[in-house]
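Hello,

Here is the structure we spoke about. Please look through it first, then read the notes below.

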Amino acid sequence: MIRELQKADINKVTDIWLDTNVTAHSFISSQYWQNNFELVKELLLQATVYEQNQEIQGFIGLNDEYIEGIFVSNEMQSHGIGKALLNYAKNKRNKLFLNVYQKNLRAISFYQREGFEIQHSGFDEATKEKEYVMEWQQK
C-alpha cells in the first residue's frame, strides 16, 4: 500500500533514509548523513510511504516534479518497491527529474531502466561529488 506519511511513521522513515544513504553512498562519509539527519527529518514529513503488513519498507520524496529521493530498506531492495513508488509519482506527473551521484551506478541503472535519461552533469558542493540530472517525460 502506498500512502501519505503520518507523524508516527517518522522514526522508521528516518532510519531507512540514514541506512540506505550510508549503504548506497560509501564514497561519502557517513558523518555527512548524520549531520543532516535533523534537517531531513523535518523535510521527510512530506514523504509518501510504501507499507506492507503494517511495516514501512520504503518511501519517496516528491517536490512538484522533482524526486528528492526514493529510499527502500536495505533488506527489501530489488523487490519492486522502488518501481512501485516511482510509478506512483509517474501517475501524478507528466515529467519528473532528479539528481543522482555519478558513483551510484545501481541507482543510475534503475532510473535508466525506468525511462529516465541523463540530461547533464553537475557537482554537489556539499559532498564534493559529481552527479547527473536525470529526467523522465510521459510519452
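**The largest pocket**

The largest pocket has a lining of 48 residues, and N21, E68, G69, I70 and F71 are the ones nearest its centre. This is a predicted model, in which local features need pLDDT of at least 70, side-chain atom pairs count only at pLDDT 80 or more, and totals for chains, interfaces and linings use all residues. Residues are numbered from 1 along each chain as its sequence is written, and side-chain values use heavy atoms, with hydrogens and water left out.

A pocket here is an open set of points on a 1 Å grid over the protein atoms alone, where a 1.4 Å probe fits, with protein on both sides within 12 Å along at least five of seven lines; lining residues have an atom within 4 Å of a point. The space in the largest pocket is about 1,400 Å³, a volume being the space filled by probe spheres set on the points, which are joined across faces, edges and corners.

By class, 24 lining residues are nonpolar, 17 polar and 7 charged. Nonpolar covers Ala, Val, Leu, Ile, Met, Phe, Trp, Tyr, Cys and Pro; charged covers Asp, Glu, Lys and Arg; the others, Gly among them, are polar.

**Strand β4**

β4 gives the most to this lining, with 7 residues. Helices (H or I, at least four residues) and strands (E, at least two) are DSSP runs, numbered from the N terminus. Is β4 enclosed or open? Of its 7 residues, 5 are buried, so β4 is largely enclosed by the rest of the structure. Buried means under 20% relative accessible area and exposed over 50%, with partly exposed in between (1.4 Å probe, protein chains only).

β3 and β4 pair in the antiparallel sense over 6 bridges; two strands pair if DSSP finds at least two bridges between them. F71 in β4 is the bridge partner of F59. The hairpin of β3 and β4 has 2 residues between the strands, and D64 takes a positive phi near 60° there.

**Aromatic pairs**

Rings of Phe, Tyr and Trp (its six-membered ring) pair if their centres lie within 6.5 Å; planes under 30 degrees apart are stacked, over 60 edge-to-face, and the rest tilted. There are 8 aromatic pairs by this rule. In one of them, the ring centres of W17 and F37 are 6.4 Å apart with planes at 55°, so the pair is tilted. W17 is in helix α1 and F37 in helix α3, 20 residues apart. W17 is buried at 7% relative accessibility, and F37 is buried at 17%.

Regards
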